[in-house]
Amino acid sequence: MQVTISVNDREYMAEVEPRLLLIHFLRDQLGLTGSHWGCDTSNCGACVVWLDETPVKSCTVLTAMADGHRVRTVEGLERGGELDPVQQGFTECHGLQCGFCTPGMMMTARWLIDNNPDPSAAEIREALSGQICRCTGYENIVRSIRWAAEHEAAERARLDGEDADSVPEAAG
Amino acid sequence: MTAATQFSPNGAYGPLRRKEDARFIRGRGTFVDDIQLPGMLHGAILRSPLAHARITGIDTLAAEAHPKVRAVITGKTLEELQLAWMPTLSQDVQAVLATDKVRFQGQEVAFVVAEDRYAARVALELIDVTYEPLPPVVDARRALDPGAPLIRDDIAGQADNRIFDWEAGDRARTEEVFAAADVVLAQDMLYPRVHPAPLETCGTVADMDTISGKLTVWSTSQAPHAHRTMYALVTGLAEHKIRVISPDIGGGFGNKVGIYPGYICAVVGSMITGKPVKWMEDRSENLMSTSFARDYHMRGEIAATRDGRILGLRVRVLADHGAFNGAAQPTKFPAGFFGVFTGSYNLQTAHCEVTGVYTNKAPGGVAYSCSFRVTEAVYLVERMVDVLARELGTDPAELRMQNLLQPAQFPYTSVTGWEYDSGDYPRALRLALDIAGYPELRREQAEQRKGAGLAGEDAGQPGEDAGHPGTLMGIGVSFFTEAVGAGPRAHMDILGLGMADGADLRVYPTGKAVLAISVQTQGQGHETTFAQIVAAELGISPDDVDVVHGDTDRTPFGLGTYGSRSTPVSGAAAAVVARKVRERARIVAATMLEAAPDDLEWADGRWQVRGDPGQGKSIAEIAMAAHSGLELPDGVEGHLDAATVYNPPNLTYPFGAYICVVDVDPGTGKVNVRRFIAVDDCGVRINPMIVEGQVHGGLADGLGMALMQVIAFDSDGNCLGGSFMDYLLPTSMECPSWELGTTVTPSPHHPIGAKGVGESATVGSPPAVVNAVVDALAPFGVRHADMPLTPAVVWRAIQGRPLRNDLATT
Amino acid sequence: MQVPAHFEYERATSVPHALALLAKFGPESRVLAGGHSLIPMMKLRLAQPETLVDINDLAELAYLRVEESELRIGALTRHAELLSSPIAGLHFPILHDAERRIADPIVRNRGTIGGSLCQADPSEDLSAAFAALRATMVIEGGSGTRTVPERAFHLGPYETVVAPDELLTEIRVPILPGGGSAYLKVDRRAGDWPVGAAGAALWLDGDTITEAGIGLAAVGAEHFSAAEAEDFLRGAQATDDSFARAGQIAAEHCTPVSDQRGPADYKRHLAAELTARALRRARARARGGEA
């Protein structure tokens, strides 16, 4: 069957079998190997990507189900060559070791902060509770996400401060 | 030319952010399944549904006829290539594809090569295998029963399921001491079968170039050079015609040390089809057929004086090795380093016996950050110390403090012959007790036991927060000594290969360096830490040192990463080779400065004239000069390159003190880990940020093993831990915010005093958690309960009807 | 990773269209909603439908509203939506208690209430929670709409009364005054299936229990409920002793099975223990106490 899916703001049309899992479509057909897979039972979360505005386990979504929808993967976190604060946070706080769970963790982190700009450590742990990491023991992942949230809040405050100082431009 | 950056060794050591992160945070890592080659085919393995059965027929015609299938390989195909069996790392053989019998559920029976992974999966269902079931041996405790089914009838002269008997220590002296001791206690304990379960499963892309005769294998391998040598020995291909590449690896933890049948099948598949063949196992294959860990049935005995002096330890172990002895440890150590079961204490004597047996389960045993069975050894001794503390009515921290080896005793040779290099154990324990606020914790526990009743209170949501009326608080202490960095060639080899590792260092004319190492990171951050080692020795920036690893064409020989050996062995090699380069540079600098080499001293990242620091040259300046027209003395060549192979003189002995605080809900058995305090001493720390990350990860392992992880079987040999729905791994919810502390006791024999830390936390944490839970249940008279301490296990322990959950009766 | 066998795929554009597709493709077709029960089963080859009818576009089936003294939940409502719904939490905290412990936040973004109930796993938390609330299931088919009490909805493990050409469209929960509810679950690890779980709903008049609902998951309770214990509670005083007794009665009428999560005696104990605790918490909430 034919599908049309927007992935990281770019539209793809492809001929796929109905049973093709979204994770395999992204990795094998689009070459977006940043999202990974690690289990057979939807437990590990290495495959987390965004479907429209929410993170999903792409090993449990058919490509067919994503037809007409938008997908965002880790490759789409960086915008215009600038790392997302979540990506920066993970580097700053040693939130990754082998890197295999990291894309999924970051996609969930981005969604969490978008909806809850000041998440507590407990809220972060809850948001990540469906995703396994074997290397970090989770502590630094939590710190990385806190770093990103704080960094973004500081950036917003700085920009608000600038707006308050600046002369408003004429409406165009 | 830019001025060389001034770095002191301390400047290069520190919490440097990792170089490897750049690609991983962008999703630009290259893991084996990311590799796509032109014309690449996909392999899949047909596995046995039965634990023990004779194969009476294999019909592959329908699979071969499938339009997308390019090859079907069976044991028969491999027999013709003499590849049906391969040597294991324990002087046994393992079937690559079964020929006569299948000996564990999940054993490899056939291999299909197809155009895509979905078609390969379809093709598996077209293969028809007929089996004649045989009674399986599932309970290791029954493996040596008279008349037990013989599993390894393929071995000439094998009459039963015994693999080996091994002992260490002084049997006679131990008997004497035990006979005369005031207190002798015995405790059976199981370290159940678990699995490392790295998030990335195992796999390979094999590409046999039939024209050049070169085989390239991308593999999830923690030991690419060892794999290459093995492939050479097994396939008959010349070693220099084999290239093994470990790209990025998504966690290893000992799961990726050995060569699996799937790798060999992919190689054969590529030879047959002339195309690259990728084989990636799925998670159930990983859990059911690759190297499991532990499965030690232990009986510990401890002898002590009435006033708490531990005199000796005696242990009897039954080791379940599965259907083939595939345990990965040095040759002369069939029970790995279990001999360090004497732990961190000043014992007079000790003795242990280990019997290894075959069962109808997957092969393995040594994996999952065990440091070659140190996990089992530490668990044993730390549980026994707690059993003794309970019997004597002594605080377990006090009892340990009373018996720990003292700093003056180091280097210390244990009663089983292990030479511990250095340690200040009391200091580490004191620090852990401080961080924990241990006296306050014991006070809280005493209050709780005095005041709150054990029934009739609403304990709230099962397993919820501390201090709820009705929950039982437990505090567990664990003190461990690790034995890592294998190892001296004279004593240790794997398949005849000595455990020395090489390092090659090249400094280019502009003073940038490339270090090629033989060990293989799977997340430990070698690209950063090894750059720091070289940077410290050469006074250059870690940014100016590139670390090359994972490709046998580009790196020196060595035995790879496991047993926490990277820093102790390869880290040493990196320091030594950098010092060789520095010494070369001394000679060139002397020429540049028109001084004698002996008149130069190394300070502030330069060779400078002693007494005239204004006259000095940095490595960058020297490198350029070495490659220039500068006239060098006779016999001195114009480069700053060096190679070394480091043969460690001894193991290194990191150590630590851990304290776990739990709250147990007696109405449900649910355990909540409230706090976990970990003080680690791994000698000199190159990158504290990375060290702490390693500790965090290992602590989660310990929590998982203590509370939820087990690869269980039913009495028919069906594996009950074949998915992440059944083999449970800890999440962010179960793990507390780890509280770390550190002491630094350098290793006297290591060039930079570092000891390695990768497995310390996995070694030290399970007994801390179990000791805590047993402590919580003390009011119920519980002396011991086996891992995993699931709610059911804990509740049944409270009822006095222990539950064994590694073996289910069907 | 394991992958499903081949199947045909259809996307429904309306409820009548979905029903027509189900009728057309017959009993070897299955409804695909969140897919987080079905797709894992298909990957493991435990289910091999010939056709999947994707109903994710049926926005008309995703809602939570109060109508005619009932909380009405569209079957396509995602777990995450139920968990974040203020009106659901206000009237029936049992539903939030249960949802908070189901799977994980990512799975809850996709899995649906209807999908979980139709999967009919004997360990399904929502089956127990809705049983405690005596919900009613609304089922649509070619021949019209029918309602079935939730307690008659499940025929056995993985089997419901929904025919191959029917669709569960709505779950209705009666809202009565003076109530409180709660759900407690023991699992081996966050997101795991329950080893045992109990939900309780109580309606009080002073200290007297006017109505009680007890739902049990994973312990072999018939219709996910404890009718005998409920009978005992009706008209009784809302005391700890009554609740303990109710728990014992509930446990007596369970037939738990030993498995890797736990042995039967432990599960039976949990049935009693968690029922009593859930009742105590429901009482506290009915009295306007603990949130």
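This is a predicted model: local features need pLDDT of at least 70, side-chain atom pairs count only at pLDDT 80 or more; totals for chains, interfaces and linings use all residues.
**Stop 1: chain B as a whole**

Start by selecting chain B and colouring it by secondary structure. You'll be looking at 19 helices and 35 strands. The radius of gyration is 28 Å, close to the 28 Å that the globule rule gives for 810 residues, so chain B is as compact as a globular protein of that length.

How many of the 810 residues count as buried? The share is 67%. Now take the contacts in chain B between residues at least 6 apart in sequence: 80% of them join residues at least 24 apart.

**Stop 2: where B meets A**

Bring in chain A. The contact uses 54 residues of chain B and 46 residues of chain A. Together the two chains bury about 4,300 Å², with 55% of it from carbon and sulfur atoms. Select Ile25(B), Tyr118(B) and Leu199(B): these supply 19% of the area that chain B buries against chain A, more than any other three residues.

**Stop 3: where C meets B**

Now show chain C. Here 29 residues of chain C touch 35 residues of chain B, and the buried area is about 2,700 Å², 51% of it from carbon and sulfur atoms. On the chain C side, pick Arg188(C), Arg189(C) and Gln260(C), which lose the most area to chain B, together 25% of what that side buries.

**Stop 4**

Most residues other than glycine have a negative phi, and most peptide bonds are trans. A few places here go the other way.

- Zoom to Phe410(B) and Pro411(B): the bond between them is cis, with omega near -5°. Pro411(B) sits in the loop between helix 11 (396-403) and strand 19 (412-413).
- Move on to Met787(B) and Pro788(B), also joined by a cis bond, with omega near -15°. Look for Pro788(B) in the loop between helix 18 (760-776) and helix 19 (791-799).
- Select Asp295(B), whose phi is positive, about 65°. This residue is in strand 15 (residues 292-304). Is Asp295(B) buried or exposed? Buried, with a relative accessible area of 3%.
- Finish at Ala103(C), with phi near 50°, in the loop between helix 5 (93-100) and helix 6 (105-110) of chain C. Ala103(C) is partly exposed, at 28% relative accessible area.

Conventions: Residues are numbered from 1 along each chain as its sequence is written. Chains are lettered from A and ligands numbered from 1 in the order in which they are written. Side-chain values use heavy atoms; hydrogens and water are left out. Helices (H or I, at least four residues) and strands (E, at least two) are DSSP runs, numbered from the N terminus. The radius of gyration is taken over C-alpha atoms; the globule rule is 2.2 Å times the number of residues to the power 0.38. Buried means under 20% relative accessible area, exposed over 50%, partly exposed in between (1.4 Å probe, protein chains only). Contact means heavy atoms within 4.5 Å. Buried area is the accessible area (1.4 Å probe) that two parts lose on being put together, summed over both.
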